[in-house]
Amino acid sequence: MNGNTKKHTYFVLSFIESPNMPVINFIKVQIITNTGVDMKKVTFLQLESFLKEILSVLGMSAANIKTIVNIYSDITKRGVGHHDIHNFPSRVEKLRTGQITVNPEFKLLSSFGCMENWDGNNGLGELINTHIMRRAIDLASVHGMGFCTVRNSNHYLASYPYVKQAANLGYIGLIIAKGLPSMGVPGAKGKVVGQSPIGFAFPTGNEWPVLMDICLAYASGEDMFKKAKSNTPIPAHWGVDSEGNYTTDAGKVLRGGTKYPIGEHKGFGLAILCELLTGVMSQGLILDQTENDEDIRWKSTSHTAIAIKADALMDMNDYIDRSTELIDRIDNISPGIHIPGYGSYQKEKSYNKKGEIELDDEIIEKLNECAKSLNLDTVLC
């Protein structure tokens with residue numbers, strides 16, 4: 001191998017049918033990939049300034065620009081390479097062509113005690129979910145718990161910034177997203193439920209909140225696309241091809257196949273609960289119902305934010321002691337175990353110290369195309 005290549009070793013689950021029972025094997029797979037992609041260093045100040053200029057030309061308000069730029073900067077510092085700055089070009093295109101409302105006006109549809117339901121006015125999911133988490137926190141400050149749901153929303157990137165928003169203010173945050181069906185379940189045909197992105201975060205005595213950001217499929221759509229593009233094999237139980245056969249080829253799952261939920265029927269059951277708490281409770285669209293059905297004029301995406309006042313039932317110091325003890329006990333039982341949120345905290349800390357990030361030519365070109373589409377001479381680098 002030369003300096004532009006890298007060897008990857010994978011152990012992939014393989015299902016082999018037999019007359020009596022399926023046989024499960026682990027297959028060792030080695031793939032050599034080309035890593036000779038040109039990377040350029042971009043400071044976060046450069047990136048943020050670039051995003052501000054684009055959003056300003058689109059007519060976005062100063063307050064909304066601040067929210068969006070903070071989210072994209074913060075979430076990109078996780079360093080995962082998806083559900084971050086890589087999504088910004090598609091947002092610009094939808095804003096530029098009027099597919100998404102630039103400055104949405106949120107409308108309260110109904111409320112009861114600690115619960116509210118809103119219409120998102122087809123705005124950016126990032127703005128909408130910031131709003132509903134704020135409202136959930138406001139409700140929790142009064143009632144101890146806040147439940148805020150919204151219909152007519154759009155993709156929100158990931159759960160990370162919104163649950164972190166709650167944890168940083170001393171609340172336990174939970175957020176759920178609903179989209180069109182993309183998952184099936186073993187033994188059944190077709191895409192039945194959405195993959196239900198979901199996340200939570202809670203504060204402890206550590207510098208970082210415990211934070212989980214997942215979906216109920218084994219891999220998100222973007223992660224699956226990345227694996228298909230790089231020919232990275234996936235475990236066979238992640239999904240089936242168009243013929244209903246288990247496959248280690250992510251591309252076959254994406255091309256007419258079906259993703260499966262984590263834990264099979266267990267993940268499927270949780271996905272149904274998530275559909276209830278989002279699409280049903282928001283008075284939005286349900287499952288495969290689309291905006292074209294029955295003259296419906298709002299989007300299929302719904303979200304729900306839940307906030308719990310951490311010191312509602314005890315003094316805040318007691319809560320911090322007890323939540324920290326929870327994590328300490330886990331670490332004592334299994335020293336070195338990875339606690340959700342710690343990896344993102346470490347990466348964010350590193351990026352903040354460096355003040356810059358490396359981006360590949362592909363995303364830089366796409367970002368520069370955004371500026372060009374708006375007749376801006378500005379280039380990122």
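This is a predicted model: local features need pLDDT of at least 70, side-chain atom pairs count only at pLDDT 80 or more; totals for chains, interfaces and linings use all residues.
I started at Ile 54: leaving out residues up to four places away in sequence, I found it touching Phe 88, Val 92, Leu 367, Cys 370, Ala 371, Leu 374 and Leu 376. Contact here is heavy atoms within 4.5 Å.

Residues are numbered from 1 along each chain as its sequence is written, and side-chain values use heavy atoms, with hydrogens and water left out.

Next I looked up the cores, meaning sets of buried Ala, Val, Leu, Ile, Met, Phe, Trp, Tyr and Cys residues joined through side-chain atoms within 4.5 Å; buried is under 20% relative accessible area (1.4 Å probe, protein chains only). The largest nonpolar core has 58 residues, and Ile 54, Leu 55 and Phe 88 have the most contacts inside it. Helix H4 (residues 125-143) gives the most to this core, seven residues. Another core, of nine residues, lies apart from it and includes Ile 176, Cys 215, Ala 217 and Cys 274.

Then the helix pair. The axes of H3 (residues 88-96) and H11 (residues 361-373) come within 9 Å and cross at roughly 20°. Axes are lines fitted to C-alpha atoms over the stretch in contact, with angles from 0 to 180 degrees between N-to-C directions. Helices are DSSP runs (H or I, at least four residues) and strands too (E, at least two), numbered from the N terminus.

Last, Leu 285: I found it in the loop between helix H8 (265-280) and strand S12 (301-309). It counts as buried because its relative accessibility is 0%.

Terms used:
Buried means under 20% relative accessible area, exposed over 50%, partly exposed in between (1.4 Å probe, protein chains only).
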